[in-house]
Amino acid sequence: MPDGQIPSPNGPGVAGDGKAVYSVVVLDFGSQYTQLIARRVREIGVHSTLLPGDATADRIFSAGAGAVILSGGPQSVTQAGAPRCPPGFLDRCAASGVPVLGVCYGMQLMVDEMGGEVRPACEGGAEYGRMEVEASEEAVLFAGEGCSGRQTVWMSHGDEVVRLPKGFAPVGTSDQGVIVAMEDSKRRLFGLQYHPEVMHSEKGEATLKHFLMGICGLKPNWSMQNVLENKLRQIDMQVGPDAHAICALSGGVDSAVAAVLVHKVLGKRLHCVFVDHGLLRYKERERVCEMFSKHLHLSVTTMDRSKEMLARLAGVKDPEAKRKAIGAEFIKAFQDFRDDLEQRQGIKPEFLTQGTLYPDVIESCPPPGTERTHSHTIKSHHNVGGLPEDLQFQLIEPLKELFKDEVRQLGRLLGVPEEFIRRHPFPGPGLAVRILGDVTIENRLDELREGDQRTHSHVIALRAVTSMDGMTADWYPFEPKFLQTVSSRICNKVRGVNRVVYDVTSKPPGTIEWE
């Protein structure tokens with residue numbers, strides 16, 4: 001087997017030099033950041049496997065576990081019915097020499113399982129967002145380069161550890177005096193109260209890398225080239241040699257990369273369609289069609305469904321209801337496109353390709369029956385939670401386990417032009433999710449697009465964020481002079497607007513869009 005072999009379901013794989021290739025098993029207890037942990041592990045160059053938190057110990061070890069990470073989660077270990085590890089699992093890991101890192105809920109679970117004490121934080125004691133902490137220079141967990149010392153981290157917890165289990169030592173504290181890191185170095189059990197996987201934890205990646213390489217002794221065995229080769233094989237196996245597929249193109253990087261990826265396998269059996277739903281940005285349709293033709297060289301059919309979409313949204317104010325209505329109308333358009341292909345060319349595509357990303361999936365919280373049994377819904381994306389039950393298509397979603405920056409990496413490997421790779425993100429439901437309340441052309445959509453006189457009616461909220469992966473984001477600190485200029489221009493040129501505000505909320509607790 002070549003170096004970089006993915007571990008088999010029955011144990012570790014074997015590298016070209018004959019050494020075992022182990023995986024990091026991430027146990028999912030429902031955090032919206034769980035897949036981000038797995039993604040960070042892959043970014044460091046180590047293969048990761050995501051399993052439900054209540055997976056059996058045998059299943060976890062058969063996945064070739066060279067290390068285990070316990071994810072965060074929305075539950076409290078102090079509540080009855082909170083998710084747990086398999087009985088005796090942590091002791092088995094310690095006895096087998098498999099290091100374990102508990103993150104947030106995972107740390108609290110480790111403390112509770114091994115005889116320590118966790119309590120709800122007293123009033124004002126809960127910690128959310130950026131916090132300053134001190135990581136001990138003497139700790140094994142922070143012995144790697146650039147890991148120890150004072151640092152900014154990302155917190156999201158309402159409980160706190162008040163007594164550590166026997167054998168554990170506190171190796172990190174917050175300015176509020178809360179234990180934020182612990183270790184039992186002899187048994188190689190470690191815990192972090194904060195989230196090292198998010199970009200806002202400034203030394204988080206260094207700490208994860210030290211845990212994987214320095215403590216666990218794992219070697220790089222994973223790359224985006226592996227992802228590309230695996231995705232091509234999966235698409236070929238799913239669709240087969242004869243079936244056709246429709247690809248829903250939005251003009252963004254996600255659907256463009258998905259289209260190019262599937263096209264490499266299906267060729268002319270892929271039929272791309274761009275739906276103008278009437279909720280696009282100013283002259284978006286013209287720009288997108290030009291880019292498809294000029295840069296991707298894909299055959300694309302454009303459908304104008306603006307009247308149907310606005311009719312479906314009439315009187316709909318709730319954001320969740322909007323997304324479901326938009327998802328249903330999109331599918332109706334794809335069904336009509338399929339019927340037209342069948343009538344004109346005798347082709348009836350069985351598959352629908354979407355540029356769904358993992359943030360879409362985990363924020364929509366898949367329904368019962370999936371393995372993410374402990375998750376909470378953040379919002380239903382139109383392409384996940386918004387899909388109707390009578391879909392009539394089999395879905396091809398080759399990007400649904402990837403984050404935005406990974407998709408860009410994959411796109412570059414596929415030769416997708418930078419014009420698509422660097423496009424500014426725009427929500428699939430378009431301007432509908434940027435309107436709070438009714439979606440109408442006369443007094444809402446056009447005001448978001450353009451205007452030439454001043455009246456007094458609505459508030460415009462500006463939101464500019466920085467985000468690498470789509471799961472976390474922070475507001476961009478524009479200079480006050482710039483914001484003043486933008487506010488003045490909007491109020492004087494866009495009719496129906498007399499107030500402009502700038503959103504300085506991070507994600508979480510906010511979302512990218514105002515919903």
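Analyst: Let us start with a residue in a helix: Ala256 lies in helix α7, and this placement, like everything below, is read from a predicted model.

User: Is Ala256 buried or exposed?

Analyst: The general idea is a cut-off, since a residue counts as buried when its relative accessible area is under 20%. Ala256 has a relative accessibility of 1%, and therefore counts as buried. Leaving aside residues up to four places away in sequence, Ala256 touches Leu249, Leu296 and Phe420.

User: Which residues does the UniProt annotation "binding site" cover?

Analyst: According to the UniProt record, which is an unreviewed entry, the annotation "binding site" covers Ser250, Gly251, Gly252, Val253, Asp254, Ser255 and Ala256. One of these, Asp254, is placed in helix α7, and with a relative accessibility of 14% Asp254 counts as buried. Apart from residues up to four places away in sequence, the contacts of Asp254 are with Gly355, Leu357, Leu399, Lys404 and Val407.

User: How should I read the sheet, and what is the order of its five strands?

Analyst: In general, the strands of a sheet pair through backbone hydrogen bonds, and the pairing is either parallel or antiparallel. Here the sheet is open, its five strands follow the order β16-β15-β14-β17-β18, and the pairing is parallel. Because β16 (300-304) and β18 (394-396) each have a single partner strand, they stand at the edges, and one side of each is left without a neighbour in the sheet. On average, neighbouring strands of this sheet are turned by 30° against each other, with direction ignored.

User: How many bridges join β17 to β18, and which residue stands opposite Phe351?

Analyst: Strand β17 (residues 351-353) runs parallel to β18 and is joined to it by three bridges, and Phe351 stands opposite Gln394 in β18.

User: Which helix packs on the sheet by touching β17 and β18, and which strands does helix α7 touch?

Analyst: Helix α6 (residues 224-239) packs on the sheet through contacts with β17 and β18, and its direction makes about 165° with that of β18. Helix α7 (residues 253-266), which packs on the sheet as well, touches β14 (245-249), β15 (270-276), β17 and β18, and its direction makes about 160° with that of β14.

User: Where is Glu329 found, and is Glu329 buried or exposed?

Analyst: Glu329 is found in helix α10 (residues 319-345), and its relative accessible area of 5% makes Glu329 buried. Not counting residues up to four places away in sequence, Glu329 touches Arg305, Glu308, Met309 and Arg312.

Key: Residues numbered from 1 in each chain as written. Predicted model: local features only at pLDDT ≥ 70, side-chain atom pairs only at ≥ 80, totals over all residues. Heavy atoms only, no water. Pairing = 2+ DSSP bridges. Helix = DSSP H or I, 4+ residues; strand = E, 2+ residues; numbered from the N terminus. Axes fitted to C-alpha atoms, helices over the stretch in contact; angles between N-to-C directions. Contact = heavy atoms within 4.5 Å. UniProt positions renumbered as here; feature names shortened; annotations may be inferred. Buried < 20%, exposed > 50% of the residue type's maximum accessible area, 1.4 Å probe, protein only.
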